[in-house]
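Subject: Structure handover

Hello,

Here is the structure for your records. Please open it alongside this message.

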Amino acid sequence: MDRIRIVGGNRLNGTIPISGAKNAALPLMIASLLTSDTLTLENVPHLADVEQLMRILGNHGVDISVNGRRERQSEVYSRTIHFTCRTIVDTTAPYDLVSKMRASFWVIGPLLAREGKARVSLPGGCAIGTRPVDLFIESLQALGADMEIDGGYINATAPKGGLVGASYTFPKVSVGATHVLMMAATLARGTTVIGNAAREPEVVDLATCLNSMGARITGAGTSTITIEGVSSLSGARHRVLPDRIETGTYAMAVAMTGGDVILEDTDIHLLDNAVEALRRAGATIEPVERGFRVARNGNGIKPVDVVTEPYPGFPTDLQAQFMGLMTRAEGVSHVTETIFENRFMHVQELARLGAKISLSGQTARIEGVEQLRGAPVMATDLRASVSLVIAGLAAEGETMVSRVYHLDRGFERLEEKLTRCGAIVERIRD
Ligand code: EPZ
């Protein structure tokens with residue numbers, strides 16, 4: 001298994017190009033199941049999760065062709081991928097494929113809408129909480145589907161004549177369940193109104209793409225989304241929006257090490273809340289053409305409290321990274337996690353680097369220390385792993401991060417992007 005070796009202490013200076021968003025690319029790829037025409041996605045990141053979803057879609061009958069296109073002078077590739085699902089050849093998503101990635105469960109929406117049935121294994125994914133699927137079941141039942149759990153699978157069946165539009169209000173905000181209900185409703189008869197919908201930019205990106213495919217969706221980005229069902233969808237061409245979590249992660253890395261970096265091909269407004277927290281922590285952040293500049297020179301890191309919340313609140317996917325930053329703040333800060341009940345696995349690993357963190361329920365109390373020291377650490381989920389990289393960049397000496405496959409699920413060319421800015425980061429292939 002690969003490891004990442006980091007020698008800390010260097011400031012970051014230069015430009016980091018931001019990739020397309022993993023969490024937008026995945027539902028967009030799944031949307032290709034809704035049409036027999038070709039859906040072309042540009043700016044698709046090269047990540048393990050994307051490759052895994054391609055295998056799953058292939059199993060359902062999606063024909064996939066990839067154009068790797070070298071963009072800019074850099075080594076960074078942005079890929080354009082064509083997805084064509086002339087016919088759905090299999091409505092079953094088996095355990096061995098779905099258990100590796102939770103988002104693959106989302107095929108249930110398009111399969112049900114287009115074929116009237118789906119048999120999908122209950123999901124796996126990062127071990128960050130129990131992550132039930134009750135909201136998917138309830139919301140698809142609202143469109144008339146029969147949902148039965150049998151032997152670790154959900155058997156979903158649409159009524160004769162297909163799904164029927166309805167009003168459904170989520171009791172809790174869920175990104176995935178909003179994606180799925182929105183996709184299913186595009187082909188339902190009549191109008192669907194989703195209340196308490198997730199407002200994440202990735203939901204808006206999916207709605208924009210579905211509308212280019214002929215769907216009639218309004219209100220994405222607000223908590224009420226209205227979908228007027230249509231009889232079929234066509235192909236489209238769509239560019240995946242920039243990855244706000246990758247953007248925020250590198251912004252936190254710069255705030256941690258000090259230095260001056262342009263984050264390119266991204267949009268500061270995708271992460272207003274995190275930018276605000278970084279400014280309060282002492283980083284200078286200002287928009288530039290095609291992105292923004294983040295710098296911290298001279299001044300120390302100030303302690304800042306954050307609470308994770310659904311968008312537009314502080315993202316849970318940046319919680320671990322922000323905690324990494326706070327380990328070196330000049331004082332005590334608190335990080336409260338409200339989305340997932342078990343998303344603090346990075347705490348004990350950060351402690352191995354010398355961080356002082358205590359947990360009380362869903363809140364971590366972080367007492368900033370003057371210096372972290374390198375150590376061997378183990379990544380336990382995607383965002384936890386990258387928080388260890390951030391801490392390692394500022395630690396004295398060598399940090400070795402093992403189980404790097406977690407990082408490969410969500411960060412495209414991480415070592416290269418950091419090395420170009422002066423960090424000492426290398427992958428050791430075992
Ligand atoms: C998406 O996961 C993201 N994944 C996650 O990113 C992200 O952390 C999460 O949204 C929250 O922002 C992708 O987009 C692929 P949820 P999702 O349904 O959709 C509970 C990363 O690191 N819930 O919004 O699975 C659930 O347990 C990943 O890139 C139910 O109770 O998250 C959680 O507490 C990790 N019942 C809360 O809702 C359900 O049926 C929010 O989860 C569904 C969810």
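The notes below cover the ligand site, then a pocket, then the cavities.

This is a predicted model, in which local features need pLDDT of at least 70, side-chain atom pairs count only at pLDDT 80 or more, and totals for chains, interfaces and linings use all residues. Residues are numbered from 1 along each chain as its sequence is written, and side-chain values use heavy atoms, with hydrogens and water left out.

Ligand site

There are 24 residues around the ligand, and D134, S174, D317, I339 and R383 come nearest (a residue counts if one of its heavy atoms lies within 4 Å of the ligand).

- D134: a polar side-chain atom is 2.7 Å from a nitrogen atom of the ligand.
- P132: a polar backbone atom is 3.1 Å from an oxygen atom of the ligand.
- R343: a polar side-chain atom is 3.3 Å from an oxygen atom of the ligand.

The protein buries 92% of the 830 Å² that the ligand exposes when taken alone (Shrake-Rupley areas with a 1.4 Å probe). Helix 1, helix 5 (134–142), helix 6 (175–186) and helix 12 (382–394) are the elements that give two or more residues to the shell; helices are DSSP runs of H or I, at least four residues, numbered from the N terminus. Helix 5 gives the most, with three residues. By class, the shell has twelve nonpolar, four polar and eight charged residues (Asp, Glu, Lys and Arg are charged; Ala, Val, Leu, Ile, Met, Phe, Trp, Tyr, Cys and Pro are nonpolar; the others, Gly among them, are polar).

The ligand lies between domain 1 (3–18 + 242–428) and domain 2 (22–239), because both give residues to its shell. The domain bounds come from an automatic or database assignment.

Second largest pocket

This pocket holds about 330 Å³ of space. On a 1 Å grid over the protein atoms alone, a pocket is an open set of points with protein on both sides within 12 Å along at least five of seven lines, a cavity is a set where a 1.4 Å probe fits but cannot get out, and lining residues have an atom within 4 Å of a point. Volume is the space filled by probe spheres set on the points, which are joined across faces, edges and corners. Of the 21 lining residues, R11, M256, T257, R296 and R328 lie nearest the centre.

Cavities

The whole structure has four cavities of 30 Å³ or more.

Regards

Note on methods: Polar contact = N/O pair within 3.5 Å; in protein donor to acceptor, adjacent residues only side chain to side chain.
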